[in-house]
Structure formats: structure tokens, C-alpha cells
Amino acid sequence: MNRSLESLLQLLGRTPRKPKKDELSPEVQKIYFYKKGEKVTKAQLEALHDEHHKNSKNKWRKRRWLTLIAVNLLFVVSYYLDIQLLEGALTASRFMGFHMADLNSALQVMLAHKQVLINLMIGITTIFILWFILGGRTFCSWVCPYHLLAEWAEKVHLWLAARGLAKNYTFHRGVRTVFYIIFALLALLTGYTVYEFISPTGILSRALIYGPTLALAWVAFLLLFEIFLSRRAWCRYVCPIGITYGLVGIFSPVRVTYDMTDCKHEGDCRNVCLVPHVLDVTIKNRSTDVEIGIGADCTRCGLCVDACPTNSLNFEFKGLTHKSSKPEVERSLMPEKKEEQS
Amino acid sequence: MTQATNTKAENTKPEQNKASKKPSKKKTINRGPGRRAQEARRQFLRSVALTVGVTSVSLAGFIPLKGHADTRLKMRPPGALTEKDFLASCIKCGQCVQVCPVNAIKLDDLDTGFGLGTPYIEAREQACDFSCDGLQCVLACPTGSLTHVLDYPKDTRMGIAKLDKPKICLAVAGKGFKGIARGPDYDGVLRYEDIDRWNPIPLKDHPYDVEICDLCVQACPIEQRYNQCQEGNYPSGDKNQCPPKRAIGLELIEEKNGVRHMKPVVYDGCVGCGVCEMICPTEQAAIVIDYNEVTKMPLSPEYLKKSEGHS
């Protein structure tokens, strides 16, 4: 429960704090102590990194991109072929006639209209259950079309930033919570769904299905802002949809778990992460337990799982995945492999 | 590999991240507590700027609505709540667009502010001719922005037809009409019950030949239903489909100077569907829909009864 609260506070903007030594479990303390003695050189780390990326197939990224494109394409195909499989857009839809409603859009509409829309309740409940099970912000990285564009823009940003052509101005993460409150209040006070006017998710989803609009210029502006001025700014610091689904996913059974045993703390995972603060536990002396679940702000995109050279990060479905299902052999071989190379 | 070097700043602890913007150059100097506080202050100011910036952009949605809080900028699909409630409750999903058999419904763009993504009908391009009978858009609407109380075309209140330019009206000029109503390049469709009950056909495939132009009256879906009911032939076999009053008719008008001519006259049964505006064969439509006004004809008892249950 305590960890869920911490996960919630981090979702809302709190910076993770370094745990005190007595907060670390004895087992963890022992492992960290052992690691202190086992010096890892830069060359060893690089060899480990290269070895991993030679074999890595970006498994999760492939699956995710495929899912994201498939879901969005299903809307388009369903409309163009008139097969009524998935009607509507991401804000609200029917899957084979069954209602679904985006939780954030539904919230904005109800705040603006000041009515609990009974018709929406089925759609809201369906989507709530779906994303509760699948992991809340999983929506962001596995469905939201803006996420994919932003991911590509991020690559351009990193390329430019490495050459000094782009900056990465950071903001306080708490600002997203401020936006959440602002847009809720605006909907309530003005009676308009103000956020929907600037939501790149809605704009893109509709543009894909119903044809391009001028509103795409706003999406283009956001992408340029992210490319030149601030890495992944919209998803990190603004989007209230992220908070809505983050809240849904706090107790979700699907999450990425971190096992600190073999971790080299080199930070490959944090480099690729959209929300690196959730991976704060991968920094040396930050994990309180040997195995720890990653917080609610995590979008379950799996980039860290793909990136981790030591298999310390893995997807877990609470109650279904057992520790034994992890590739034990690989785990125990990892350090030896590295020693052989050096 | 490139990613690892590119994002060195991200790699370090968050506090250090703030403190050292260029870790490679001035690592030791940047780590001072003063520097850290300064960077925190800068980040705070940037965050305030971001908040003000994004909020301002979102509020730009008000601009096109200035002075139009309660009036419609465009015609809305059947069953639309009052404009204010409509904009509040529409979830902008376009399911109404997808089910319309004549593709009359389109989604608004940025220029209508908070109307972005909400459905509208451009009657001159393609009007709602109620060819679905059952009001599919209303049934599709997940939020009731198009009120689920509405079951029948007769209770729709999209606006009301007005003879906007009587001077160009062919009937007023005593002229007939022969040919394709809107020319061969026009893509709009209408349902002709005598040709195909289920499928609307292009207007260009249905030429007219009339002594006095009465296309607006002929094409009017309410008139058609009214006439069917008079013959005891209820639309979709449902007596409730019958409009209580006529919507439009050609009348012989005698002006003060004694000149007598025909003229389309709009009656209380008009629901503002816009088919008259769509089919009007003159260059500009002589008859148009005023979508900010509706008929004085009361709603049907069925509607009122259902509406009580809803509120």
C-alpha cells in the first residue's frame, strides 16, 4: 500500500527520493555490498551493452508498434470498408457494437456537461476494466497515435541533441498535475471540453479516420517543440490522459518488474525511458527490495526491457508470471560471460 | 550506443541532471548548491511559462465562439441539444458520421474553436434526407448529444427553411425546370422511394422535368411522409412516423399590385433538414435553412412522454 501511495505521488510529480540505508532489506544490502567489491569497468559495461544489442531484436518495441498501428488502422479500415468492426474514434467507439469510451474524454465531457451520462457508463466501465487489467498507461504507448509520432520525433531530437542542434529543456513533472486540475476546472467552469481542443490524441485519431484537418498543425508544432526544445515534452509534462490512465493502472497486475540481483546500474534503461523517474530504483542503492514493481507512471512500453543487458527488467502479470519463469540460466551466466570477454 | 552518449544528462540522477546542463564541460563548477538552486528556479519559471502557454492555446478555442455562446455556427445533425449543451456533451468520436447513409455529417475543424471534432451538416452539399428513417446518427451517439429521446424525423428540430432569395426562385418567376437539379458535377445523393427504398442515388442520375419548379416541395422528406400517410401507407409501417403537419407547398400568391405567381411557402411541419436547400436548382439556393430557429409546432406526445422519462 505504501508503495502504491509512493507510485501515485510520483505519478503526480514527486521526485523519487533515495531510501535510507535501514529501509533496504537485509538481502538487498548484502547484494549491494557484494557489488561494491565487484568493480565493473567501463570496457566491461560497453562489451555487455554491445553484446546485448547484437542479440536484441527490440522484441517489445516491435510488438508494441505493431499493436499501436493495428488498433489505429482497425478504426480506419472498419470505416472505409464499412464493416462496423470498430466504429468511432479513440475518444469513444464501438467494438463489434460494444461501447467503449476514453476515460479522459468521458471525464471532460461529464465535467463540462455536469451530468453523469448513463449511456457512457457501459463504455467507461469496459475501458476502465480493460486498462486496469492491462496496466493503465499501457494505453499511452500501445494505442495512442501521438505516442508513436513522438517516439519518432524523439529519435530525431536525440540525433540533433548529440550534435548540439537541439536542446532538452526540462520542466517540473508536477506541472502535468497542474494541467490536469486546470483542464478539469476549465471544463467545469466554461462548460466546454477545453482539453479536447488541443488533445493531439483526439486530433490524430480523427484525422486518421475522417481525413486531415487544420488541427494537425498543432500536432506538428508539438512535435517540433519536442524535437528542438524538450524531449517528449507533451507526454512527460502536459498530457492529462496520461494521469487518468496512470491512476487506473496503480493497482494493475501488468507491470514491469525490476530484479536488482544482476543489474549493473549502468542506466541503459533510463536512457530510453519516457518517464525515467520510475526507473529510479535501478540506480545503485535505490532499490529497497530484490524485486520491485515499477510505478504507475510507467507506460509499459517495454523499451527498458529491450534495453536491459542483464535481463533485470521484465514484464510481469501478477499472479500469472512466476519468478521461475524468468530465464534463470541466462541470469546466472551473465556475469561469467562478461568475465570471459574481459 | 549513440543513445547512451546522447542522453548523458538523463543518465545521471535527477538532482544532478538539474544541476549540470552540460556535464561534459563544467562538471565540477556546476555541482555547487547555488547553481543547483538557480537551475531549480529556472525550471520552475519554465514550468510556469509552459502552463501559461498551453493553457492560453487551449483557451483560443473561445475565439470563434465569441458572441455565439448560444447560437449555432453550423447546422447540427438531428437531435442535437442546444448549442451550449451540445458542445459540452459531444465526445467528438464521429460515430454519427460513420452511420449516416447519405454521408451528410462532417466533423468541424480548428476554425470553430471548441467545435473541433463535433459533427455538422452542410445542407447545400449534402442534406439529411432521413433516408435511414430510424435516425441512425441519434442511435450511434454515445453521449446523447444527439438526444436519444428523438425517434422520428417529425420531431427533429434542425432549423427551419426560409425563402431567402425569392427573386431568384424559379417558381416565383413562373419558370419550370428541366434537367439535372444541381448539374452533372454535383455528388450529393437522395433517396427516391419509388426507385429504391433502401439505397440513396446520386441527384445527377435523377433528372426532373416540371412546368413550374417545385423541386423543394417534391424532395421534402416531411412532405413525402405526409403524403404517404394520407394514402394510409405509413413509412416503415409505423404510424408514429407520420408528420402532423405539412412542411412546404407551392401557393398561388397575389401581390398588392395584382401580380399573381407561385411561391414555395414553409409550413409549421418543417424540421429544417435542408433537402430543399440542397436540391434548389438555382446558382445559389433560393431557399435556405436558418439553423438558429425552429418551428413553433409542438413536439409530439410520444416525444414529450419519452423526454419526461429521460430527465
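## Exercises on a predicted model

In this predicted model, Glu87(A) stands opposite Arg94(A) in strand E2(A).

**Exercise 1.** Determine how many bridges join E1(A) to E2(A), and in which direction the two strands run.

*Solution.* Begin with the residues concerned: E2 of chain A covers residues 92-95. Four bridges join E1(A) to this strand, and the two run antiparallel.

**Exercise 2.** Describe how helices H8(A) and H12(A) cross, and state which residues meet.

*Solution.* First, consider the axes: those of H8 (residues 145-162) and H12 (residues 216-228) of chain A come within 8 Å and cross at roughly 35°. The crossing is right-handed. Then list the contacts: in H8(A), residues including Tyr146(A), Leu149(A) and His157(A) meet residues of H12(A), among them Val219(A) and Leu223(A). By class, the residues of this contact comprise nine nonpolar, one polar and two charged.

**Exercise 3.** Identify the helix of chain B that supplies the largest share of the side touching chain A.

*Solution.* The contact takes 57 residues from chain A and 45 residues from chain B. On the side of chain B, helices H1, H2, H5, H6 and H7 each supply at least two residues. The largest share, ten residues, comes from H5(B). This side of chain B divides into 17 nonpolar, 20 polar and eight charged residues.

Key. Residues are numbered from 1 along each chain as its sequence is written. Chains are lettered from A and ligands numbered from 1 in the order in which they are written. This is a predicted model: local features need pLDDT of at least 70, side-chain atom pairs count only at pLDDT 80 or more; totals for chains, interfaces and linings use all residues. Axes are lines fitted to C-alpha atoms, for helices over the stretch in contact, and angles run from 0 to 180 degrees between N-to-C directions. A crossing is left-handed if the near helix is turned anticlockwise from the far one by less than a right angle, and right-handed if clockwise. Two residues are in contact if their C-beta atoms, placed from the backbone, lie within 7 Å. Ala, Val, Leu, Ile, Met, Phe, Trp, Tyr, Cys and Pro count as nonpolar, Asp, Glu, Lys and Arg as charged, and the others, Gly among them, as polar. Two strands pair if DSSP finds at least two bridges between them.
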